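Hi,

Here is the model I promised to pass on.

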There are 2 protein chains.
Amino acid sequence: MYIRCTNSFTMTYSPELLKGTLKTIVLKLLADNKKMYGYEITQKVKEMTRDKIQITEGALYPTLHALEADGLVTTEVEYIGKRVRKYYSLSPTGKAATREKLKELTNFMDTMIALLEIKPKMA
Amino acid sequence: MYIRCTNSFTMTYSPELLKGTLKTIVLKLLADNKKMYGYEITQKVKEMTRDKIQITEGALYPTLHALEADGLVTTEVEYIGKRVRKYYSLSPTGKAATREKLKELTNFMDTMIALLEIKPKMA
DNA sequence: TTGTATACATCGTATTCTTATGTATATTTG
DNA sequence: CAAATATACATAAGAATACGATGTATACAA
């Protein structure tokens with residue numbers, strides 16, 4: 001019997017907003033970090049967004065598998081003691097896809113900012 | 001028999017990106033225009049985004065109905081000749097919800113901009 | 001030794017779109 | 001004037017993508 005800390009984590013945003021951006025987030029992280037494993041990605045996003053975006057396992061792993069199936073990432077398995085760890089790296093196709101995805105999202109945000117007259121804060 | 005112009009309209013963005021933002025777009029338009037009808041909303045968004053965002057009927061009408069069911073908008077029917085036209089207006093609850101939705105989306109964008117190091121263009 | 005953290009994964013469900021279809025009136029154009 | 005296009009509502013099947021729960025297992029800290 002395993003007790004899971006369901007933890008009712010406070011999502012700052014409606015979960016729908018994340019839809020369509022998860023792949024982009026994962027690709028961008030891989031572009032910046034050469035290779036990462038799943039759990040590491042969830043923690044990195046959590047840390048970088050100060051808990052505002054929490055990627056769930058049920059969303060992440062299928063996404064990673066899809067990226068692999070599409071040839072955007074390659075994998076290598078490593079053993080930490082007896083525990084398996086699966087590293088993901090961008091393929092050349094994946095690097096190009098990352099640039100495209102980021103461009104597309106930026107463009108979409110431009111449009112939304114103009115349409116909704118909102119003013120996001122930038123660094 | 002009715003021939004429909006399926007028109008393979010060129011979506012500038014992956015359709016997934018729109019997910020979760022449609023309600024916000026509709027609410028914001030209603031906040032700015034007092035009352036609007038469905039078809040008018042699709043045309044206004046198309047025009048304001050220079051064809052970049054095209055709201056389909058299959059997405060819009062269920063969304064409007066959901067907003068009504070949630071009490072965020074009220075409706076009144078008008079007849080233009082024999083053709084029916086259904087106007088939507090924000091309720092007080094809807095006005096508050098609009099502010100919340102816009103705040104939430106702005107906040108989400110802040111987070112995405114920081115996370116992905118992207119720089120949207122602002123007016 | 002018990003709970004928490006690390007680490008993988010899948011499945012059922014909900015939401016929210018797309019695409020296609022249906023119905024009908026009004027207007028423009030060849 | 002007939003045909004095409006635009007206006008205007010609506011629903012339904014299907015796909016995509018997330019959530020939440022569940023499952024398995026090792027490592028470490030209290």
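Strand 2 and strand 3 of chain B pair in the antiparallel sense over eight bridges. Two strands count as paired if DSSP finds at least two bridges between them, and the strands (E, at least two residues) and helices (H or I, at least four) are DSSP runs, numbered from the N terminus. Within that pair, B:Thr75 has B:Tyr88 of strand 3 as its bridge partner. Some housekeeping before I go on: this is a predicted model, where local features need pLDDT of at least 70, side-chain atom pairs count only at pLDDT 80 or more, and totals for chains, interfaces and linings use all residues. Residues are numbered from 1 along each chain as its sequence is written, while chains are lettered from A and ligands numbered from 1 in the order in which they are written.

Back to the sheet in chain B. Three strands make an open, antiparallel sheet in the order 1-3-2. Strand 1 (35–37) and strand 2 (73–80) of chain B sit at the edges, each pairing on one side only. Neighbouring strands are turned by 35° against each other on average, direction ignored. Helix 2 of chain B packs on this sheet, touching strand 1 and strand 3 of chain B, and its direction makes about 95° with that of strand 1. For these angles, axes are lines fitted to C-alpha atoms (for helices over the stretch in contact), and angles run from 0 to 180 degrees between N-to-C directions.

In chain A, strand 1 (residues 35–37) and strand 3 (residues 83–90) pair in the antiparallel sense over three bridges, with A:Tyr37 opposite A:Tyr87. Strand 2 (residues 73–80) of chain A pairs with strand 3 of chain A over eight bridges, again antiparallel, and A:Tyr79 has A:Val84 as its bridge partner. Those two strands form a hairpin with two residues between them, and A:Gly81 in the turn has a positive phi of about 65°.

How do the two copies relate? Chain A can be laid on chain B with an RMSD of 0.1 Å by a turn of 180° and a shift of 0.0 Å along the axis, superposing by least squares on the C-alpha atoms of residues with pLDDT of at least 70 in both. The copies are thus related as by a two-fold rotation axis. In chain A, A:Lys19 has the C-alpha nearest that axis, 3.2 Å from it.

On the interface, 35 residues of chain A are in contact with 35 residues of chain B, where contact means C-beta atoms, placed from the backbone, within 7 Å. Helix 5 of chain A gives the largest share of the chain A side, 14 residues. That side divides into 18 nonpolar, nine polar and eight charged residues (Ala, Val, Leu, Ile, Met, Phe, Trp, Tyr, Cys and Pro count as nonpolar, Asp, Glu, Lys and Arg as charged, and the others, Gly among them, as polar). The copies meet through the same surface, because 100% of the interface residues of chain A are also interface residues in chain B.

Last, DNA strand D. Of the 31 residues around it, A:Leu22, A:Gly58, A:Ala59, A:Gly81 and B:Gly38 come nearest; a residue is near if its C-beta atom, placed from the backbone, lies within 6 Å. Helix 3 of chain B gives the most to this surface, with five residues.

Cheers

Note on methods: Two residues are in contact if their C-beta atoms, placed from the backbone, lie within 7 Å.
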